[in-house]
Amino acid sequence: MSRGLKIFLIVIGVLFVVGFMAYRFFVGNYNALVGLDENVKGAWAQVQNQYQRRADLIPNLVKTVEGAATFEKETLQGVIEARAKATQPQVNVEGLLNDPQAFQKYQQAQDNLGAALGRLMVVVERYPDLKANQNFLDLQTQLEGTENRITVERKRFNETVQGYNTKLRTFPTVAIAGMFGFQQRPYFEAAANAQDAPKVDFSGLKQK
């Protein structure tokens, strides 16, 4: 074998090894981004499940509260309207998570619903009959559990997004992300207790 052929084969071998290592690095980082992105979507699905569970409980809550003839209609109407706005946005997951403004708008609607429920529960304190209504007490317990789960799932979502966004911004993964259109995902607002769900205080309604 001639010297020139040996050098050629060595060069080809080196290029093959380098190319294979680059391929493994490229594919590994791409697959890691895909996996982390799917984790974010999965975490968001769990948040939405809890929001939907809360929305599904409200019609029965409204029906039960309406049975109190003198109940403040304005407070009840506030819950009905807040629920309508919270369930109105028809945005797909990609559209929502790729658009921070849409995400904030959606979250604001959910926060407003939580606040409306909180006001309703404060008003219920004035109605002993409602506080003794077993159907209302059951709904109260379910809502309380749902609010707690919302808090947990929102926190988990933020943690999952943090992992994804950190990987996305790390060099050289950031270059691969740019090539394939991976985008940073929004958090529940980092300021002012962003990871806390709206508080619905049921403690004063529990039967002693």
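**Exercise 1.** Find which residue lies over the face of Phe-188.

Solution. Arg-154 does, at 4.4 Å from the ring centre; the rule asks for NZ of Lys or CZ of Arg within 6 Å of the ring centre and within 35 degrees of the ring normal. The model is predicted, so local features need pLDDT of at least 70 and side-chain atom pairs count only at pLDDT 80 or more, while totals for chains, interfaces and linings use all residues. Residues are numbered from 1 along each chain as its sequence is written, and side-chain values use heavy atoms, without hydrogens and water.

**Exercise 2.** Classify the aromatic pair of Trp-44 and Phe-157.

Solution. Step 1: rings of Phe, Tyr and Trp (its six-membered ring) pair if their centres lie within 6.5 Å; planes under 30 degrees apart are stacked, over 60 edge-to-face, the rest tilted. The rule gives 11 aromatic pairs. Step 2: Trp-44 and Phe-157 stand 5.3 Å apart centre to centre with 55° between the planes, hence tilted. Step 3: Trp-44 belongs to helix α1 and Phe-157 to helix α6, 113 residues apart; helices are DSSP runs (H or I, at least four residues).

**Exercise 3.** Classify the pair of Phe-103 and Phe-157, and state whether each residue is buried or exposed.

Solution. Step 1: with 6.0 Å centre to centre and 15° between the planes, this pair is stacked. Step 2: buried means under 20% relative accessible area, exposed over 50%, partly exposed in between (1.4 Å probe, protein chains only). Phe-103 is buried because its relative accessibility is 2%, and Phe-157 because its value is 0%.

How values were computed. Helix = DSSP H or I, 4+ residues; strand = E, 2+ residues; numbered from the N terminus.
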